[in-house]
Amino acid sequence: MGRTTQRECGTAGRRGPDKERPAAWSAYGKLVRLFRERAGLTQQALADAIGYSMEQVASVEQGRRPAKAVFTEAAERVLDAGGALRVLQPDVDRAKLPLFFQDFALLEAEAVSRFSYDPMLVPGLLQTEAYARALLEAHFPPLEEDAIEQHLTARLARQSLLTRKNPCVVFSFILEEGALRRAVGGNAVLAEQLAHLRECSRRRNVEIQVMPTRQAAHSGVNGQIVLLETVERRQFVSIEAQGIVNIRSDWDEVSEFWLRYGMLRSQALNTEESARLIERMAGEL
């Protein structure tokens, strides 16, 4: 049987009372408190030892604030946690993502290949910090500043997939030319973003193709597609529109999307032509 997952993001980034705090944050915080008390340290003493304020330590322990990787590494060292905090960090980071995206992020973390067609924007895995921040600040209804920072941190953390060694992930990105001309954050931000795309495309496991605007009709005009294959060779297709993610695993459906993606790759510019177009667009800014 196939699996479908759909979630709406009507309240993305808005945390309510304590019961809505992510379980991963609470579990992590309880471990920090356990190790701190075992070490005979007060919150202030731990804060001084790792270079944070007492309020920040208290917030992490209470699950009100997610720990960043630098906090985790410092706490591991001072509290001699033996890797217990480090192993929870991916779950803490994932919980910073909008609710509608978390199921997909779990699958993505298990992927050995990820192929996508992105018609509107540069995908999150390839975004610079400035480009990602501009998108989050444009969200409506507006996100609170804390939510923007949490989503930004989580989005940038996902990019570690690009450099993961074991297992290495193979990436194919097909980006619409129009998406690369959308001046998200202004021309300076876009210029930096285009330069970043060129850097990413030089990685041996990353292939970037551009679908030229002159290709008026093609097999991807109905919207974004992401295809995943996990280490167990399970295959999924994810389709996202306006904060609703639909994940399918039924073989007949997934197979059709793989065929569609193959056609998209043949209709897009090849990697060399795409690189030249990206450089030309950057030079026009």
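The following chat concerns selected residues and elements of a predicted model.

Trainee: Where is Arg114 placed?
Mentor: Arg114 lies in strand S1 (residues 111-118); strands are DSSP runs of E with at least two residues, helices are runs of H or I with at least four, and both are numbered from the N terminus.

Trainee: Is Arg114 buried or exposed?
Mentor: Arg114 is buried, with a relative accessible area of 5%. Buried means under 20% relative accessible area, exposed over 50%, and partly exposed in between (1.4 Å probe, protein chains only).

Trainee: Which residues does Arg114 touch?
Mentor: Leaving aside residues up to four places away in sequence, its contacts include Phe104, Glu108, Arg158 and Phe173. Contact means heavy atoms within 4.5 Å.

Trainee: And Arg248, where is that?
Mentor: Arg248 belongs to strand S6 (residues 244-248) and is partly exposed, at 23% relative accessibility.

Trainee: How far apart are Arg248 and Pro141?
Mentor: They are 107 residues apart in sequence and 29 Å apart in space, C-alpha to C-alpha.

Trainee: Turning to helix H3, which residues are buried there?
Mentor: In H3 (residues 54-61), Val57, Ala58, Ser59, Val60 and Glu61 are buried.

Trainee: What covers them?
Mentor: The cover includes helix H1 (23-38), helix H2 (43-50) and helix H4 (69-79).

Trainee: What follows H3?
Mentor: Gly63 follows H3, and its phi is positive, near 75 degrees.

Terms used:
Residues are numbered from 1 along each chain as its sequence is written. This is a predicted model: local features need pLDDT of at least 70, side-chain atom pairs count only at pLDDT 80 or more; totals for chains, interfaces and linings use all residues. Side-chain values use heavy atoms; hydrogens and water are left out.
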